[in-house]
Each structure stands twice: as C-alpha cells, then as structure tokens.
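Please read these notes with the model open beside you. They go through a few local features, point by point.

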Amino acid sequence: MVSIGSQFSTGDQTSKESFWRSGFKVCNSCQKQCIKEEDHVAGCRHNGDGYGTTVFTCTACGWKTSFQYDEASDIYYYETRNFDRVPKKVQPQPWSNLNVSNWLQSSGISATALKKLQEYAISGPDMYEMTDKKLKALGFEKLDRYMIMHVKNEKMEKHQEK
Ligand SMILES: [Zn+2]
C-alpha cells in the first residue's frame with residue numbers, strides 16, 4: 001500500500017447534496033456552471049485502487065466543496081451513499097407565497113394580524129408548517145391564532161381531498 005497523504009474535506013460541507021444533485025456542475029453560491037475539479041490522491045492499494053479527495057471549485061466566485069473518493073468502493077464518491085436523487089422537501093404548490101398571501105387576505109383574519117404576518121415575512125412554506133405554538137411565540141392574540149389555524153386547516157383539508 002502506497003500512502004501519499006490523507007483524505008480530507010474542505011470548503012462547504014453542508015450543501016454538498018444539492019451540488020451532487022446538479023451533477024457536480026452548478027455552484028451552490030452563484031449558480032454558475034464553471035466548476036473546476038482537482039483530484040488529490042491520498043494513496044493507492046496493492047491492486048491499484050486509488051483513493052483520495054476531489055476538490056470542486058467555482059472559478060467565478062471561489063465557492064468550493066470536496067468529495068472523498070475510493071476506487072474500491074461500490075460508490076466512487078462514497079459520501080453520497082445516502083443522498084436522494086429527488087429533493088426531500090417539495091412544498092405543495094398551493095403553498096406558494098403568492099397563493100398564501102391572496103388566501104390570507106380573503107380569509108377574514110384581522111388587519112393587524114395580517115400586517116403582523118407580513119412584517120414577519122411569513123411565507124407560504126412557513127405557513128404550511130405553522131403551529132399555534134409558533135404563532136403564540138410570535139405574539140399573536142388568541143383570537144387571531146384561532147382564526148389563522150382555522151383557515152389553515154381548512155385549506156389543508158381542501159388540498160388533501162384533491
Ligand atoms: Zn460560484
């Protein structure tokens with residue numbers, strides 16, 4: 001076994017999954033497709049299988065990430081083993097920001113509550129996950145909370161019926 005260095009990780013490690021999903025092509029920071037890749041060999045086994053780290057760098061903004069590889073592994077970039085081809089959290093379309101703000105305005109909740117929701121920039125996906133507890137934490141009055149949760153549940157039931 002020839003050991004030259006060791007495998008390492010560098011750069012952004014938290015959003016690797018979406019970068020991988022783009023086929024290692026799209027920069028997670030500036031969305032441009034000018035990624036340069038460089039292999040850093042860490043070692044080589046007797047049978048010739050090498051292992052090391054590939055560093056991907058965006059030549060436009062400098063964003064970088066890395067994936068460790070092993071030629072003996074069934075998955076070359078073995079850190080991607082548990083990644084999903086499809087993004088996990090796809091929000092249902094009825095909860096887009098536009099739909100939610102239109103719906104809130106016609107829902108009959110008080111003008112102050114509506115204004116507060118807008119001040120907190122509570123978006124469609126936020127509203128989808130909204131709970132009475134969260135509204136309380138944000139300082140909504142009991143009646144407003146009741147109204148908001150009521151119209152929200154109504155909307156969810158309607159969506160599920162389809
Ligand atoms: Zn970039």
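Where is the place of G108?

1. G108 sits in the loop that joins α2 (97–105) to α3 (111–119). Helices here are DSSP runs of H or I with at least four residues, strands are runs of E with at least two, and both are numbered from the N terminus. This is a predicted model, in which local features need pLDDT of at least 70, side-chain atom pairs count only at pLDDT 80 or more, and totals for chains, interfaces and linings use all residues. Residues are numbered from 1 along each chain as its sequence is written.

2. G108 counts as exposed because it has 10 C-beta neighbours inside 10 Å.

3. Neither case is a glycine, yet phi is positive: near 60° in F24 and about 65° in Q31. F24 is partly exposed because 15 other C-beta atoms lie within 10 Å; Q31 has 11 such neighbours, so it counts as exposed.

4. Strands β3 (residues 50–58) and β4 (residues 64–70) pair in the antiparallel sense over seven bridges; pairing requires that DSSP finds at least two bridges between two strands. T53 has Q68 in β4 as its bridge partner. Five residues lie between the strands of this hairpin, where G62 takes a positive phi near 90°.

Technical notes:
A residue is buried if 20 or more other C-beta atoms lie within 10 Å of its own, exposed if 12 or fewer, and partly exposed in between; C-beta atoms are placed from the backbone.
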